[in-house]
Amino acid sequence: MKPEPLVPPVKVRDIAKPTPALSPLDLQKIVPLPPPYDQIDPQTLWKELTAERRQEIDASLDGVSALSLKRPEDPQEEERLLKGFVEGLRKLLSVENNWTFLQPLQLTLDHCTHCQTCADACPIFVMSGRNEIYRPTYRADVLRRLVARYGNGGNPIKSALTGPIELNWETLARLAELSYRCTLCRRCAQACPIGVDNGLVTHELRKLFSQELGIAATECHANGSMLQLRVGSSTGMTPAVVRDNIEFIDEEMSEKVGFTVKTPFDKVGADVLLLHNAGEILAWPENPGAFAVILEAAGISWTMSSDLVAYDAINYGLWYDDVQFARVALEHIKVAKKLKVKKIVIGECGHAHKALTVIADRLLLGEDNIPRESALTFLEGIVNSGVLKLDPSRNDFPVTLHDPCNIVRAMGIVEPQRRILRRIAPRFREMTPHGVENYCCGGGSGFAIMSPNNFANWRMLVSGRIKMQQILEAFKDELDPAIPKYLCTPCSNCKGQFRDLLRAYGAWERSRILYGGLVELVVNAMADVPPGFLEWEFH
Amino acid sequence: MLASRHVVVLQEGPMTVATIGCVVLLAGFVLGSLYKAVRYVRMPMHVRWELYPVAHEKGKVSYGGSYFEELDWWTKPRETSLVGEVKTIAEEVFTLKAVREHNPKLWLPSLLFHYGLYLLFLLGAALLLGGVADGLGVVGLGWLGGGKVLSRWGVVALGLATLGCCLLLLRRLGDPTLRNASSPADFLHLWWLLAVFALSWANWLVVDREYTVAAGFVKGLLRLQVGGSVPALFVAQVLLLGAFLAYLPWSHMTHMFAKYFTWHSVRWDDAPNIAGEAYREKALKLLMLPVSWSAPHIKGDGKKTWLDVVQERGES
């Protein structure tokens, strides 16, 4: 066999080189899946951007474009952008503009020893075939070098010690794209012996681009948080539409379960305000439906809100913009206060969990600090109370559990969902690894809603591939399509990713793997409900 | 002086240079470290950004659980364990657990290197203690003034540190990906330390096998004695080590104390803001800071505060 030619690895400073692609995705190097999925040629899942499209947008990082950035039209515009970036660096390191994350960021910038202990913890780096630009330290080092050379006037000694870098359009555009090649899962931070957090660097870079230059993923910003603040939801649903849809879901549920299910709206003084990711209402109506069934059967005093923003738990600002984050969080709290609820329960949506429960926590003062609880903990309370009669034999099929990063690694909610599953799903098995060491679904930090250009192809081939591998391993002895299997995923964003991922790899047709939430499984096990709540249809 | 018979072949340097240099450089180390630590301490409260497992979560740390797993968690007493934090930190410091689990190729070199440094630090502390004991007239600690025990201690410490340092350097130079991912500072630190170790070996071999010169120097240093002479090789070692220590606070090597912040103040900082009171004053002050982010949806003009901008809707 001929030895592979030695190609010098991409260097940090190469980010400024005016080449067509700094480090294109090499389909030959992508880690294979277990049989029979190893027969799927990555080429069939890949889409090369056309020459015309590459003229229009910058895909010079890896041949992929998440942001559809257009090259500056003239040197003046380029100069303005570069100046803006340097100004953004200054603000990122200032107390006034970034007190929210300054200490963790500065600690991370100051202490990486480049030991690469984090590298193998990153599923994107590993599954891409170890593409240097996806190495967790790569983007962090670009930032470190830029800070040393340009931040606050620059420091020549620090810059010499940190390493060479140039700031030009290529650096700026590639760094912006690179901040959308990490799902913020923070496995790298978990592995770091020092406590350096390269995931945080991604977060802070996205903030710099958004808050200073107005550069952000359209799906997260213009069609995400901006739309939510303007119309009420990133789905575009207005209050009237939400109420109509929920009414329709209630009717469906009532018919299926044999008793009346009625979702209360805007009930002042209810014990619980339930916040759903509004995407569930449109894409997976059985999820809010199952919640309603359980809460009604358990006799819980609860309500949803039809106020703008508050009928959608999402808070995309968490991934890219502190200001947008705070704006949405305040709207959620405002409504909870208005309804005088005892607590907010956050539905099966990982990032909404972390946003309102953890990140917003210290900003919620006095009566704004309404207790927030995870639906998983809340659900376990209901299951433990014995108010629901549960028949685990209804769920006698293989079940595995996906751990959403924001609920598990970022909040430590590990066992409630498992205790429920052990009770209602006799053939439950874990993925490896799981719990706080889980792998991201590959759609984290907004990726699941982002599919511009060929970004969805990259998501399937790279960011989601290790999870596909885990799912197949979990069901390895029962991949036969005659055996229906359930991938329990208590997170809307992850479900969006699984819908695309399982479809791309044909896992429904090949192996009958269905994905869905936890509440659906609970209702499916309710003895008082006619059998067959779960409909084995892939959507 | 306390020089051994070998010293006659060496040119002796003035004690003054070593003493003054050492004092200045050590002061640089102490002041630099303090500056850096105070800088982190004075940074404002950040939003929560914890990462599980959180080592002080009582009864849940083994699987990474948290108080959020409790129904109505805000009504229940929060149980934390300082022992959990100490245990985790100790495991990391003494076994380099994260490197062992995630980067096994680097573990042994790193372990040797760190143990060498720990023992060298203890050797320095022993010499210091010996100097203090001598000054106070404490009896029974004469062995800290130099001798066979310190000599063997030094050999083991220097041996481990040098071997670890060489192996780390070889890995950084020999592994193309590690070399590529390294910064100039990463190499500078290892080469610099290797030079310090080389001089230390030379001193041990030629000048000060039983650390009597070093012990005498520390005693003199404690009394701020100048004048007299010590071997030039010893002066060179002291100055090179001192310069390294003075530089250390400006490098990533402060991770030895920064861990307190990265772990305790960030990764494990899961203290909840119960009833919105715990952080009230701090948060109010921070929300009144001016914002100057320029994007169209913020339009921070340096006058509007955080409280102002978060209540706006912003333009697309």
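Chain B of this predicted model is divided into domain 1 (5-267) and domain 2 (279-309), the bounds being those of an automatic or database domain assignment. The C-alpha centres of domain 1 of chain B and domain 2 of chain B are separated by 41 Å. Residues are numbered from 1 along each chain as its sequence is written, and chains are lettered from A in the order in which they are written. Because the model is predicted, local features need pLDDT of at least 70 and side-chain atom pairs count only at pLDDT 80 or more, whereas totals for chains, interfaces and linings use all residues.

The secondary structure of chain B consists of 12 helices and two strands, where helices (H or I, at least four residues) and strands (E, at least two) are DSSP runs numbered from the N terminus. Along the sequence, these elements follow the order β-α-α-α-α-α-α-α-α-β-α-α-α-α. The radius of gyration of chain B, taken over C-alpha atoms, is 26 Å, well over the 20 Å that the globule rule gives for 316 residues, so chain B is more spread out than a compact globule; the rule is 2.2 Å times the number of residues to the power 0.38. Along the principal axes, the C-alpha atoms of chain B fill a box of roughly 80 × 50 × 45 Å. Of the 316 residues of chain B, 35% count as buried, a class that requires 20 or more other C-beta atoms within 10 Å of the residue's own, with C-beta atoms placed from the backbone.

Between the chains, 79 residues of chain A are in contact with 75 residues of chain B, contact being defined by C-beta atoms, placed from the backbone, that lie within 7 Å. Helix α5 (residues 102-111) of chain A gives the most to the side of chain A that touches chain B, with seven residues. That side of chain A comprises 39 nonpolar, 25 polar and 15 charged residues; Ala, Val, Leu, Ile, Met, Phe, Trp, Tyr, Cys and Pro count as nonpolar, Asp, Glu, Lys and Arg as charged, and the others, Gly among them, as polar.

Within chain A, A:Asp58 lies in the loop between α2 (51-56) and α3 (75-92). A:Asp58 counts as buried because it has 20 C-beta neighbours inside 10 Å. Residues up to four places away in sequence aside, A:Asp58 touches A:Ser65, A:Leu69, A:Arg71 and A:Ala173. The C-alpha atoms of A:Asp58 and A:Arg174 are 8.3 Å apart in space, although the two residues are 116 residues apart in sequence.

Notes: Contact = placed C-beta atoms within 7 Å. Buried ≥ 20, exposed ≤ 12 C-beta atoms within 10 Å, placed from the backbone.
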